[in-house]
Structure formats: structure tokens, C-alpha cells
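User: I'd like a close look at just one part of this model, one chain and what it touches. Could you walk me through it?

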Amino acid sequence: MAIYLHEISAIDGGGKEGYLEALRTGWVPYAERTRGMRLVWVGSTIGSTATWPETMALWELRDWDHFADVCDRMYTDHADEPEMTAWWRASFRFRKGARSQVLVGAPWSPTLDALLASGVSGTSYGFTRYRVVPGKVDAFLDALRVRAELDAARGRRLVGAYEVAFTNDAAYAIWVHDDLVTAGEYQRLLPGEAEIAAWQRSVRDLLERSTEWWGFATPHCPLWPKGYGTDAKIW
Amino acid sequence: MAIYLHELVNVVPTRADDYLDGIGEHHGTQRQQRSEAANSMLGLWTVLEASGTWPLGVNLWQNGTWQRQAQALQSQFEPRAQNPELKKWWLANLGLRSGGFDRILESTPYSLDVAGLRASGVGGELFLHQIVRTRAGDVGDFLDAFGADGVAAVEGEGAQLVGAYRVCNHDHEAIVILAFRTPRDFARFSGAWHGGSAGSALRRWRTREDAWVRGKDTLLMKPRWFLSSPWHP
């Protein structure tokens, strides 16, 4: 069972470009080399849909033993790991703080390897938080599998479906669109989609509400479209 | 039941330890002058950037009685009882924290106090801190059931109970803190909570608590000081 660490950093002023670059050149290769953490996604929150300015990162860990080891070696002010400490302290040139959540992949949710093998990619992503009737998370995730099939037929593919760890009322999913235009087109068509409306009715006893905000990947995100080369920075 | 002051403190990035040491020194020094330092500090923790808001410090002080808790509040607010040393510390350390949110807690009968925790050898490298939300008025039933069934279930999978508390003034909140001696113990507990066999005691408890629990906010923490500090011998 893969475990995911989802971090949202609050950016200080115009520091997003600098922070994403510091991640790319510093923490991402260091975390992969020293801890075996695998970056699944990195990019910006799209401010027109959510809090701004923010960046988000999603890491994949093998299992709970791996997660516990990562926690044990996480930054604290008295951590005895000079390279990590130096990077962490320097990151506050760009960011003010963070909020994070631990996600447990649903048994049918694809891993990073599976996503890469099946060619899942895009620039534009939906991050959906589901407030579930307490105790019904497993049942809701089963139902979400059906929704993923419906959405895939409409150009929106699933990156992952998760239980939010140590809660009894929260699930999470990440979706990918090819680009912002197709993300908008999906939203435009949604109100008239009878199958989606039927699905929504089918989860009425499981789901209290959902909220989605959008993210835009950076060009060094593992799920960035192959062949879309650019030197542009996301600011 | 014993009364505790629980604080979530928005520490300034990279200054969490400075803040925790600073408040620990101030608190312990003040209490030592009244011979009250022993058993007055349950824990000072730094939150990991894994769950919840970060950076964040968590303080848990054992005040024991409502009378002692009232005295602590008087030392800040009551014009004729203000403690000038507290004011000096408070104003001198604004560079270490930007704000916070505090709660007054009442212990459950089955939660050990500082002396009891120390005598029982409770402690660890990682701590799980949960604010548990119930329907209004259901907190007592949840805490009773946790004491009857939940504690044994979590301790059977590698956790140690630090304490389970009713949040005063909030009719829908409890706080539960668990300690894990090693990261491996935390991994064992987490795996059992999320993936253990359906018939295990922990899974049975997880299903049972859904009768009361309407949501949880979780923090993972490392102790800066737990049960004692250089200023709380």
C-alpha cells in the first residue's frame, strides 16, 4: 500500500519561481537520493481557484515503514543533517510555511510507475477534497472508481485516489487534464452530463460535499507532457 | 480530574526550538521560585511537516486544578496579580512566534499525570496528536468508550497512551496524544489502523469510534522536551 505526502507551501510574495527552482535543484534530488522519496507531482496552485500564492508537491513512499523512516528524519531545528538543514533554512527566503496531509492510496489507485507506464500526463490538474460521511470512506472510494471511469471517457484521467490518513471523513483525488482549455471544457459540459449526475445521486448517502482547486505543473514535474519542452518559469 | 493548558503556537520558521526552549526556561524558572516546577510540564513538541500546519509548536502544561489554572490566567490579565516577568518574556519573544490557539483540557480518569507517565516509562521518538470532533455533547461518551476499548486496542499495536482529554469550552472536541517508542512502532500502528485484518482489536475500535467521531485533525510531532526539561527537573 503506497503512502503519499502532500505538501502545500505558502509562498512569500514573489518567491514562487525561486522556491520551485530550489526544489528542482535541491530538495527533490536530495530527498530521492537519501530517503528514496519519489516525486509524483510539483507545481503551483492556480490562484483563480484557490489560495495564492502557493506551491504543491506530492511524494510517493513505499509503505508505512518508509513513511515512518521519512518522519524520523524530517527537518527539525536540531536535526543533525547539514545539507538538509541548509536547504530547509534557505527555503524561507521564498516561503512562509506549509500545510500537509498524509494520503493512503486506494487499492486500485495507480502508482507513479503505473502512471508513467500508461502515459498519463498533462499540465493542468484538479485536486479534490471529499468530505465523506464518517466511517464511509472505503465505500466512497469504491464509488469513486466508477466516477474515474466516467471522467476518463470525458478527457479527465485519474492520477490518484486516496484516503486521508487518520481521519474517518476525508478522501482525496487528483485528476489530470491535457491543458487548461480541456479542463475548462470538462467544467463547461459537466452540468449537462446525465451519467455524472446519476453518479452524484448514487453517492448521496456517502458524500457530504467536495471541493476542488486546480494546480498547474512545472516543466520538471514527472507527469509533465513528454515533448513539451520549455525554459519558461512559473512565477 | 486534572486540568491542563494546551497550546498550538505558530512559531517563526527555523525558530521552533528557540521558542520551545525559551518558554520552557521561563515557565520552569517561574515555577521553581514557587517550588512548583516538578510535574508541571507534560510536553513541548515540534510538529513535523507531514500533517497539518507547519511550523507549529505544541505545549502541554499540567496545572492540576482550576484554582491553579485561574492563578495562571490572573498572572497575565488581573491588574492586581500580573506577573511582570511574564510580561517581559511575552514581549521580548515576539520574534519567535506570531500567534497561536490555546485550549484548557480536563483529563480523563484513565490518563496518567506527569508523575504517573514518568513512573510508567511512557515516551518515544514520534508522537501522534489528534483533535477529535464529535457531535455536540458526545465527547464524554467517546472518551469513556476510548478508555474502555480504544486504549487497549492502540496499545496492542505499538502505541502508548500519553493522554485523552476533554476540551473545556468546546462541547464537541477531545484531544488524544499517543507516543511511539520507535519509528517502527509508529509504522506498525499506522499499518494496523489503515490495513489490519478486519477482526483485529484496532480495526474493531476504528469501526466503533465512528459512532461518535465526526472528524479528526492530526499532527505528527517530535518531542523537544517530554515530562522533564532542564528547567523542570
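Which domains does the domain assignment of chain B give?

Analyst: Bear in mind that this is a predicted model. The assignment for chain B gives domain 1, covering 3-107, and domain 2, covering 114-222. Taken over C-alpha atoms, the centres of domain 1 and domain 2 of chain B are separated by 24 Å. The two do touch: 18 residues from domain 1 of chain B and 18 residues from domain 2 of chain B take part in the contact. On the domain 1 side, at least two residues each come from β1 (3-11), β2 (41-47), β4 (57-64) and β5 (97-107) of chain B. β5(B) gives the most there, with five residues. By class, that side of domain 1 of chain B has nine nonpolar, seven polar and two charged residues.

Now for the neighbour. Chain B puts 32 residues in contact with 31 residues of chain A. The elements of chain B giving two or more residues to that side are α1 (16-33), β3 (52-54), β6 (126-134), α6 (183-195) and β9 (213-226). Here α6(B) gives the most, with eight residues. Sort the side of chain B that touches chain A by class and you get 12 nonpolar, 12 polar and eight charged residues.

β3(B) pairs with strand β4 (residues 95-105) of chain A in the antiparallel sense, over three bridges.

Technical notes
Residues are numbered from 1 along each chain as its sequence is written. Chains are lettered from A and ligands numbered from 1 in the order in which they are written. This is a predicted model: local features need pLDDT of at least 70, side-chain atom pairs count only at pLDDT 80 or more; totals for chains, interfaces and linings use all residues. Two residues are in contact if their C-beta atoms, placed from the backbone, lie within 7 Å. Helices (H or I, at least four residues) and strands (E, at least two) are DSSP runs, numbered from the N terminus. Ala, Val, Leu, Ile, Met, Phe, Trp, Tyr, Cys and Pro count as nonpolar, Asp, Glu, Lys and Arg as charged, and the others, Gly among them, as polar. Two strands pair if DSSP finds at least two bridges between them. Domain bounds come from an automatic or database domain assignment.
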